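Let's take a friendly walk through a protein model. Have a look at the picture first, and then we will go through it part by part.

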Amino acid sequence: MSKLTKNQKLVADKVEAGKAYSLKEASELVKEITTTKFDASLDIDVRLGVDPRKANQMVRGVVSLPHGTGKVTRVLCLCTPDAEAAAKEAGADYVGLDEYIEKIKGGWTDIDVIITMPSCMGKIGPLGRVLGPRGLMPNPKSGTVTMDVAKAVKEVKQGKIDFKVDKAGIVHASIGKVSFDAEKIFDNAKEFIQTIIKLKPAAAKGTYLKSIFISSTMSMGIKVDPKSVE
C-alpha cells in the first residue's frame with residue numbers, strides 16, 4: 001500500500017469518509033483541503049432524480065451567481081451594426097457578424113459565450129456542427145438569443161451561467177474560485193441549488209436532489225447534505 005503524501009494526509013484528517021456535510025461546512029472545508037498553488041476553480045455536481053431522455057424531465061436553466069464565477073468570460077456578440085456600440089459598452093470582447101462567422105467557419109472558437117439576436121440566427125444556424133459540441137451555440141432558453149444583447153452581455157460578464165442536466169442525470173457547474181471567502185462560496189452554491197430546485201419537472205417522481213458534491217480543481221469531492229439546502 002502506497003504511503004500518503006503530506007497533502008493527502010491533510011485531506012484525510014479533515015474530511016470524514018462517507019459523511020454528508022452541511023452546505024456551510026462544505027463551503028469552508030473545500031478551501032481547507034485545496035492545496036494547489038494556483039487559484040483553483042470550484043465545481044458543484046448535483047445528481048437529480050430525473051430521466052433526461054424524457055423531454056418532460058429535462059432540467060435546463062440559467063442562474064446569476066451573486067459573486068460571479070471569478071473567471072474572465074470571453075464574450076462574442078454577433079449582432080447587427082445598430083447594436084454593436086451598446087454591446088461593446090456592455091463589455092463584449094468581440095462584436096460583429098459576418099467577419100466572425102467566417103472566422104468560426106475557419107475553426108476559431110477562442111470564446112466562452114456567444115450572444116446574438118433572433119434576426120441573426122439564420123446565419124449562425126449552419127455553424128451548429130462547430131459550436132454545438134463546444135457548448136457555444138446560442139439558445140433562447142439560456143438567454144443568449146435576445147433583442148437586448150447589451151443586457152445579456154452585461155449579465156454574463158457579471159456571473160450569469162447556464163446549465164443543463166447530462167445523460168447521467170447530473171448537473172455540473174463552476175461556481176467560483178478557491179480564493180473566494182467561504183461565505184461567497186456558500187452564497188453562490190445556494191443560489192445555484194435553489195435555482196435547480198425551482199426547475200423541478202412535474203413529471204419527476206421520488207427524491208429530486210439525490211446527491212450534491214463540491215470540489216475544487218484536483219481536490220476530492222465533499223458530500224453535501226441536500227436537506228441543508230432545501
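## Two helices side by side

Helices (H or I, at least four residues) and strands (E, at least two) are DSSP runs, numbered from the N terminus. An axis is a line fitted to C-alpha atoms, for helices over the stretch in contact, and angles run from 0 to 180 degrees between N-to-C directions. Two packed helices are described by the angle between their axes and the distance between the axes.

Now find helix H3 (residues 81-90) and helix H7 (residues 149-158): they pack at an angle of about 15°, and their axes are 8 Å apart. Which residues of H3 meet H7? Ala83, Ala86, Ala87 and Ala90 do, and their partners in H7 are Val149, Ala150, Val153, Lys154 and Lys157. Contact here means heavy atoms within 4.5 Å.

## Where the model comes from

This is a predicted model, in which local features need pLDDT of at least 70 and side-chain atom pairs count only at pLDDT 80 or more, while totals for chains, interfaces and linings use all residues. Residues are numbered from 1 along each chain as its sequence is written, and side-chain values use heavy atoms, with hydrogens and water left out.

## The whole protein

The protein has 8 helices and 9 strands. Its C-alpha trace spans about 60 × 45 × 35 Å along the principal axes. Of the 230 residues, 45% are buried; buried means under 20% relative accessible area, exposed over 50%, and partly exposed in between (1.4 Å probe, protein chains only).

Is Pro140 buried or exposed? Pro140 is exposed, because its relative accessible area is 59%. You will find Pro140 in the loop between helix H6 (128-131) and H7.

## Rings and charges

Rings of Phe, Tyr and Trp (its six-membered ring) pair if their centres lie within 6.5 Å; planes under 30 degrees apart are stacked, over 60 edge-to-face, and the rest tilted. By this rule there are 4 aromatic pairs. The ring centres of Tyr100 and Trp108 are 5.7 Å apart with planes at 40°, so this pair is tilted.

A charge sits over a ring if NZ of Lys or CZ of Arg is within 6 Å of the ring centre and within 35 degrees of the ring normal. Lys103 lies over the face of Trp108, 4.3 Å from the ring centre. The charged end of Lys24 sits over the ring of Phe186, 4.0 Å from its centre.
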